[in-house]
Amino acid sequence: MTVLVAGGAGYIGSHVCKMLRERGYDVVVIDNLSHGYKSFTRYGEFVLGDISDENLLDLVFKTYKIDAVMHFCAYIEVGESVVDPNKYYQNNVSNTLTLLNSMLKHDVKYFIFSSTAAVYGMPQRIPIKEDDPKMPINPYGKSKYMVEQILDDFDRAYGLKSIRFRYFNAAGADESLEIGEAHEPETHLIPLILDAALSVRDSIKIFGTDYETKDGTCIRDFVHVNDLADAHIKGLEYLISEKKTDYFNLGSGSGFSVREVIEKVKEVTNVDFKVEEVDRRPGDPAYLIADNTKARKILGWEPKYDLEKIIQTAWNWHKVLRKK
Ligand code: UFG
């Protein structure tokens, strides 16, 4: 079975490619390398190009016998999406439509889509269940929710079966140290703390210490990237056997505060570094914790990495990334 992985040169996409390969799937990556890395594409055939390019997609679907598509190409910076929503709707929605239409044209009917906890906006209860209200508060979250809705319509009208995975806070790296988190610019908490531990940054700033949480800082649900990858393969198997469109939260189900994560990094790395307390970052919900019961029950998914292992694997990779 051959899987086309759009965005397979990126952080989560590359981990999925590696696991697909290990589990016997053939992999074709399409990626424009705007944010991904050529060295991350070692787990399959690599096509350099953009999913907005219909002719290229035609060629890919004609050249390889693609059975399913996994889609990881997206812009992911919430702040930027507020300032430049067009960029987000163009890439995350319009280009996704181009990809979906190419799939229909070539009769490929299985699609796995990277969605986000941002579709819930400011959650009204914790942990968050899949059927809780979807009220995204920024163009990034809206762009992902629009595609989720498009996918319902495409199932009804064209029989295109899809799984939408709503990621919570992806983190960690593969133990091979061949791939890992390397965003440019980096905005995510754990790699930024690791940069402080490596003195790449002077300090880590805590965005807000006056939230109504146990220590005043935001609570997040960190999930290891290989646990996400495992869910994608289980999702693909489910799609093929059940032929049912569905959506799942992917989070560990446990929440840790920003302060706790910083303390855990100090413990794992055995490095002390400066921590600064600054104002809140606009748009951050106090709590984001997944109820992952549905993925456990229906997909048999069982996340294996706890926070310590997530940070340890991220640290191992980060030292390679920063060449320290
Ligand atoms: N944080 C800091 N200092 C930093 C960076 C982050 O205190 O230097 C805090 C943030 O304020 C937040 C927490 O660490 O409370 C986690 O922030 P990240 O940027 O790492 O991740 P988010 O929780 O903002 O992002 C996640 C998903 C996004 C999704 C978003 C929805 O990764 O895909 O939740 O709010 F859009």
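User: Which residue in E12 stands opposite Arg220?

Analyst: This is a predicted model, in which local features need pLDDT of at least 70 and side-chain atom pairs count only at pLDDT 80 or more, while totals for chains, interfaces and linings use all residues. Residues are numbered from 1 along each chain as its sequence is written. Strand E9 (residues 219-220) and E12 run antiparallel and are joined by two bridges; strands (E, at least two residues) and helices (H or I, at least four) are DSSP runs numbered from the N terminus, and two strands pair if DSSP finds at least two bridges between them. Within E12, the residue opposite Arg220 is Phe256.

User: Why is one side of E12 and of E14 left without a neighbour in the sheet?

Analyst: The open sheet concerned has three strands with mixed pairing, in the order E12-E9-E14. Strand E12 (256-257) and E14 stand at its edges, and one side of each is left without a neighbour because each has a single partner strand.

User: How far apart are the centres of domain 1 and domain 2?

Analyst: The domain assignment, whose bounds come from an automatic or database source, gives domain 1 as 2-171 + 222-250 and domain 2 as 189-220 + 253-317. In this division, 27 residues of domain 1 are in contact with 25 residues of domain 2. Taken over C-alpha atoms, the separation of the two centres is 24 Å.

User: Which element gives the most to the side of domain 1 that touches domain 2?

Analyst: The elements giving two or more residues to the side of domain 1 that touches domain 2 are strand E7 (169-171), strand E10 (222-224), helix H7 (225-242) and strand E11 (246-250). By class, that side has 16 nonpolar, six polar and five charged residues, with Ala, Val, Leu, Ile, Met, Phe, Trp, Tyr, Cys and Pro counted as nonpolar, Asp, Glu, Lys and Arg as charged, and the others, Gly among them, as polar. With seven residues, the element that gives the most is H7.

User: How many C-beta neighbours inside 10 Å does Leu228 have?

Analyst: Leu228 lies in helix H7. Leaving aside neighbours within four places in sequence, Leu228 is in contact with Ile12, Tyr167, Ala170, Val223 and Leu250. Leu228 counts as buried, because its number of C-beta neighbours inside 10 Å is 25.

User: Which strands are the edge strands of the sheet of seven strands?

Analyst: This open sheet has parallel pairing and the order E3-E2-E1-E4-E5-E6-E11. Within the order, strand E4 (residues 68-71) and strand E5 (residues 110-116) run parallel and are joined by three bridges, with Val69 having Phe111 as its bridge partner in E5. The strands that pair on one side only are strand E3 (45-48) and E11.

User: Which residues make up the uncovered face of strand E8?

Analyst: Strand E8 and strand E13 (residues 274-278) pair in the parallel sense over five bridges, and Ser203 stands opposite Lys274 in E13. Strand E8 (residues 203-207) has a covered face of Ile204 and Ile206, and its uncovered face is made up of Ser203, Lys205 and Phe207.

User: What is the omega of the peptide bond from Ile126 to Pro127?

Analyst: Most residues other than glycine have a negative phi, and most peptide bonds are trans. Pro127 has its place in the loop between E5 and helix H5 (139-158). The bond from Ile126 to Pro127 is cis, with omega near -5°.

User: What is the phi of Asp107?

Analyst: Asp107 is found in the loop between helix H4 (85-105) and E5. With 8 C-beta neighbours inside 10 Å, Asp107 counts as exposed. Although Asp107 is not a glycine, its phi is positive, at about 60°.

Notes. Contact = placed C-beta atoms within 7 Å. Buried ≥ 20, exposed ≤ 12 C-beta atoms within 10 Å, placed from the backbone.
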